Amino acid sequence: MSEIVQIPASRFLSDSWSVQDQADAVEKLEGSNVIFIPGLSVAMKDDEQILFSQDRNLTDGVQKNITLDPYLGKTSGISKDSPYKAAAESLMARYKSETEGWLARLLGDPGRKYAAQRTTFRPVEIRNRKSIGKVGDEKQFRFDDTLLHADAFKRRPMVKRRILRVFNNINPFGEPRLWKVGGDFTDYAKRYVGKMRQPWPGEFTVLNALRLTHWKRSHYDHIMLNLHDMGKLDRDFQENSPQQQFAFPPNAVWLCFTDSVLHAALAGRYALEQTFEITIDDMRHPEKSPQRLLEKLTGKALC
Ligand code: SIN
Ligand code: FE
């Protein structure tokens, strides 16, 4: 079961935060645990307070989050003429640079090997969130974050890269962000790998030629996508697999590899999230990556 490892901000920010503490943090993260730093938060500017005034019209109602893409420099999930756009963008840009600093401090040199990807602002209440996305009802479960899963993306194959996400609850009303954290990744994979369909010959090449993926999907991604869907559709797994609930309070940061830590978000609004990627060759323990764990389980090279 993934542990939630607490490091108070006072300790994290103090001069006594040492090279040994950094090495321990790397071990905890790579071991699929969650690092939780209460008391740490991005500073909000006065003109960003309008982001908390209401949430009904903040997002475009199609995407669940407002997203800043680092390569295109473009924001999505909010309408072009929204009065909240400038504030959301300045907050996300500052959050991105804050998290880069936090990661370098938390992990030391290894923290510099992580590449910042998308930044998201998540104003919408998760509890009772309406179905979102331009997809049919039969596919809505895929977007339901209240169900336990490890992250996998249809259009964005990870191949040899990991997904590390840094969350910050900035809720100004005292409301926590309620999560579930689940059990061991290999146990999760074992439930489904024998039951999933094999990729068709040429499938990944065709998907890429049709521009349904940004680049070619690997067998690893195929397995991760199937695990994601099979786990979300499995009531027994959702209800009876090892899991604990944890309420992340406002003014707190937490981070984990969301491709191996089973997680669900049950309630809460107004969070920030920064995604980082690292290739498994740059990990201290590549053997703990989902790529290598799945290769061990299947006896095949997957990426
Ligand atoms: C998720 O990654 O499934 C959602 C996490 C969150 O928004 O708190
Ligand atoms: Fe997720």
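Predicted model: local features only at pLDDT ≥ 70, side-chain atom pairs only at ≥ 80, totals over all residues.
Helices here are DSSP runs of H or I with at least four residues, strands are DSSP runs of E with at least two, and both are numbered from the N terminus. Residues count from 1 along each chain as its sequence is written, chains are lettered from A and ligands numbered from 1 in the order written, and side-chain values use heavy atoms, without hydrogens or water.

Start with the ligand. Which residues are around ligand 1? They are Arg122, Asp145, His149, Phe167, Arg177, Trp179, His263 and Ala265. A residue is near the ligand if one of its heavy atoms lies within 4 Å of it. By class, this shell holds 3 nonpolar, 2 polar and 3 charged residues. For the classes, Ala, Val, Leu, Ile, Met, Phe, Trp, Tyr, Cys and Pro are nonpolar, Asp, Glu, Lys and Arg are charged, and the others, Gly among them, are polar. Two strands each give the shell at least two residues: S7, residues 177-182, and S10, residues 263-267.

Now the polar side chains. Arg122 has a polar side-chain atom 2.7 Å from an oxygen atom of ligand 1. For His149, a polar side-chain atom is 3.0 Å from a ligand 1 oxygen atom. For His263, a side-chain N or O atom is 3.1 Å from an oxygen atom of ligand 1. How much of the ligand does the protein cover? It covers 98% of the 260 Å² of accessible area that ligand 1 has on its own. Those areas come from the Shrake-Rupley method with a 1.4 Å probe; for residues, only the protein chains shown count as cover.

Next, a pair away from the helices. Arg162 sits in strand S6, residues 161-169. Is Arg162 buried or exposed? Buried, at 0% relative accessibility. Buried means under 20% relative accessible area, exposed means over 50%, and partly exposed is in between, with a 1.4 Å probe and protein chains only. Asp259 is in the loop between strand S9, residues 252-257, and S10. Asp259 is buried too, with a relative accessible area of 1%. The side chains of Asp259 and Arg162 are joined by a polar contact of 2.6 Å. A polar contact is a pair of N or O atoms within 3.5 Å; within protein, one must be able to donate a hydrogen and the other to accept it, and residues adjacent in sequence count only if both atoms are side-chain atoms.

On to the helices. H2 runs over residues 19-30. Its 12 residues reach 17 Å from first C-alpha to last, close to the 16 Å expected at 1.5 Å a residue. The expected span is 1.5 Å times one less than the number of residues. Buried in H2 are Asp21, Gln22, Ala25, Val26, Leu29 and Glu30. Down the axis of H2, these buried residues fall within an arc of 165 degrees, so they line one face of the helix. The arc is taken from the directions from the helix axis to the C-beta atoms.

Ser32 has a positive phi, near 60 degrees, in a residue other than glycine. Ser32 is buried, at a relative accessible area of 13%.

H3 covers residues 85-107. Its 23 residues should span 33 Å at 1.5 Å a residue, and the end C-alpha atoms are 33 Å apart, which agrees. Its buried residues include Leu91, Arg94 and Trp102. Glu89 lies in H3, and at 24% relative accessibility Glu89 counts as partly exposed. Just after H3, Gly108 takes a positive phi of about 75 degrees.

Last helix: H6, residues 219-232. How many of the 14 residues of H6 are buried? The count is 12, so H6 is largely enclosed by the rest of the structure. Among them are His219, His222, His228 and Lys232.

Arg211 has a positive phi of about 60 degrees although it is not a glycine. At 69% relative accessibility, Arg211 counts as exposed.

That's the tour. Thank you.
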